[in-house]
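Here's a quick briefing on aromatic pairs and the nonpolar core. Have a look at the model first.

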Amino acid sequence: MSESPTGLLERANGGDRRARDALFALIYEELRRRASAQLGDRPRITLSTTGLVHEAYLKLFDQPLVVNDRGHFFRLAAQVMRQVLIDRVRAAATAKRGGGFAAITLTEPGVASDEPGFELLALEQAMHELEGVDARLSDVAALHLFVGLEFREISELLSTSERSVYRDWRAARMFLRTAIDGGAS
């Protein structure tokens, strides 16, 4: 007989490693599907779907996991997946420095858009700015962009209407676009 995700979550919060592993096994395919969708939009990032999910698992469960509900878990998963992707881009950029590449200045045309991972780093900066302005908009954007949740799923997690989530997404998207475009000029 399989235990409910809520029961597993409660036991995992209590430090039960078997419950934590069972919970991860239960959501593994869901996270893998969502990670695949997210990585599909970012072809320059050299990380497999499985790699992203496994790195997210290691970061999520590196310390005692305290999660209040399903929504809280997915917000944490979004944050962790986002951080794994950003860490990967930063590591690639660091490895590239001093690796025999010619130095270029930022005044050369097209430099920013040709740089692998630039878009993700700009998005990360804009997400930090959005967090400071409106945490709810930041949550909606992270759940949609980094976990790949649909508006209906986000509305269930945040206990609000799908229409409100859509309005929040439009506002968040506008903020992010403005922050990224403003940062690029």
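What follows covers the ring pairs, then the core.

This is a predicted model, where local features need pLDDT of at least 70, side-chain atom pairs count only at pLDDT 80 or more, and totals for chains, interfaces and linings use all residues. Numbering runs from 1 along each chain as its sequence is written, and side-chain values use heavy atoms, with hydrogens and water left out.

**Aromatic pairs**

- Searching the whole structure turns up four aromatic pairs (Phe, Tyr or Trp six-membered ring centres within 6.5 Å; planes under 30 degrees apart are stacked, over 60 edge-to-face, the rest tilted).
- Phe-24 and Tyr-57 make a tilted pair, at 4.1 Å centre to centre with 45° between the planes.
- Phe-24 and Tyr-57 are both buried (under 20% relative accessible area with a 1.4 Å probe, protein chains only; exposed is over 50%, partly exposed in between).
- Phe-151 and Tyr-166 are edge-to-face, because their planes sit at 75° with ring centres 5.6 Å apart.
- Phe-151 is buried at 17% relative accessibility, while Tyr-166 is partly exposed at 40%.
- Phe-24, Tyr-28 and Tyr-57 are linked into a cluster by ring pairs.

**Nonpolar core**

- The largest nonpolar core holds 52 residues (buried Ala, Val, Leu, Ile, Met, Phe, Trp, Tyr and Cys joined through side-chain atoms within 4.5 Å).
- Helix H4 (70-96) gives this core its largest share, ten residues.
- Leu-176 is one of the residues with the most contacts inside the core.
- Beyond neighbours within four places in sequence, Leu-176 is in contact with residues including Leu-123, Met-127 and Ala-141 (heavy atoms within 4.5 Å).

Key:
Helices (H or I, at least four residues) and strands (E, at least two) are DSSP runs, numbered from the N terminus.
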